[in-house]
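Hi,

Here is the model I promised to send over. Have a look at it first, and then read on for what turned up.

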Amino acid sequence: MSSSWGNIPTWAYDAAQALMQSLKVVDPLTYAHCCRVGEMSRKLARDAGLNEYQQKLAEFAGLFHDIGKIGVPQEIIAKPGKLTDQEYEMMKCHPVLSEEIIKPLATHDFFAEILPGIRGHHERVDGRGYPDKKNGDEIPLIARIILVVDTCDAMSETRAYRKGLPMEVVYEELKRCSGTQFDPQLVQIFLKAHEHWKDQKQDQDTLNYLIKKIA
């Protein structure tokens, strides 16, 4: 991240509402997933000790991380079986597509600062992720945060190709891939904190300005 503190533009939620409405029309399941990942990214950022501005960067990056799936054919997104190699390569384009969709807003520093987290949310700490094959601390912290909560949500929710997994199985997978796919410190923080999140109120700004308006 380029700075610890900054200004969030007054129009940020209006821009988010317009973009997320487009995603909801095309792909309601991905829309709901992005809303959850945005909220969880903020909470993990908070529990990792980031300040309120950085928490908002994490929240908005999480909110927009999969918006590029608008550009991936729905028959691939919702395919019940395994993706072919060609389909998987198309799916792997979505972080860059997400970045491209948000980039016009990056004339404001706040949106410029969320772009690396959006682009990098499928990078792995062992360097085997995509699109840039970054590793370890080369991967933006917000991208590493998103990957943990994104994986948790994706595994625990029922998808076209499989039923959602029990949370204890999700936790074990995060532990198993800690240090290869995931930042081990973030996994440790997440595993300690996650079960308590359901007792915490959602962020009222997001709830009032974004989700309720689109729902």
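First, the cysteines: a disulfide here is a pair of cysteine sulfur atoms within 2.5 Å. By that rule the structure holds 0 disulfides. For C34, the nearest cysteine sulfur is that of C35, 7.2 Å away. C34 counts as buried because its relative accessibility is 0% (buried is under 20% relative accessible area, exposed over 50% and partly exposed in between, with a 1.4 Å probe and protein chains only). C152 is in no disulfide either, and the nearest sulfur, from C177, is 13 Å off. With 2% relative accessibility, C152 counts as buried.

Before you go further, keep in mind that this is a predicted model: local features need pLDDT of at least 70 and side-chain atom pairs count only at pLDDT 80 or more, while totals for chains, interfaces and linings use all residues. Residues are numbered from 1 along each chain as its sequence is written, and side-chain values use heavy atoms, with hydrogens and water left out.

Now the core. A nonpolar core means a set of buried Ala, Val, Leu, Ile, Met, Phe, Trp, Tyr and Cys residues joined through side-chain atoms within 4.5 Å. The largest one has 50 residues, and M20, F60, F64, I102, F111, I114 and F190 have the most contacts inside it. Elements giving two or more residues to this core include α1 (12-26), α3 (52-64), α7 (109-119) and α8 (141-156). Of the elements, α8 gives the most, with 8 residues. (Helices are DSSP runs of H or I with at least four residues, strands are E runs of at least two, and both are numbered from the N terminus.)

Leaving out residues up to four places away in sequence, F64 touches A16, L19, M20, S98, I102, F111, I114 and I118, where contact means heavy atoms within 4.5 Å.

Which helices do the buried residues of α7 pack against? They pack against α1, α3, α6 and α8. The buried residues themselves are F110, F111, E113, I114, L115, G117 and I118.

Helix α6 (residues 94-102) packs on α7 at about 170°, with the axes 8 Å apart; axes are lines fitted to C-alpha atoms, for helices over the stretch in contact, and angles run from 0 to 180 degrees between N-to-C directions. The two helices are therefore roughly antiparallel, a label for angles over 145 degrees. On the α6 side the contact is made by P95, V96, S98, E99 and I102, and on the α7 side by F111, I114, L115, I118 and R119.

Next, the loop between α7 and α8. P131 sits there, and a cis peptide bond with omega of about 10° joins Y130 to P131. K133 lies in that loop as well. K133 is not a glycine, yet has a positive phi of about 50°. For context, most residues other than glycine have a negative phi, and most peptide bonds are trans. K133 counts as exposed, at 52% relative accessibility.

T30 is in α2 and counts as buried at 7% relative accessibility; beyond its sequence neighbours up to four places away, T30 touches L23, D66, K69 and I77. Q55 is in α3 and is buried, with a relative accessible area of 12%. Neighbours within four places aside, Q55 is in contact with R42, A45, R46 and L50.

Cheers

Definitions and conventions:
Angles under 35 degrees count as roughly parallel, over 145 as roughly antiparallel, 65 to 115 as roughly perpendicular and the rest as oblique.
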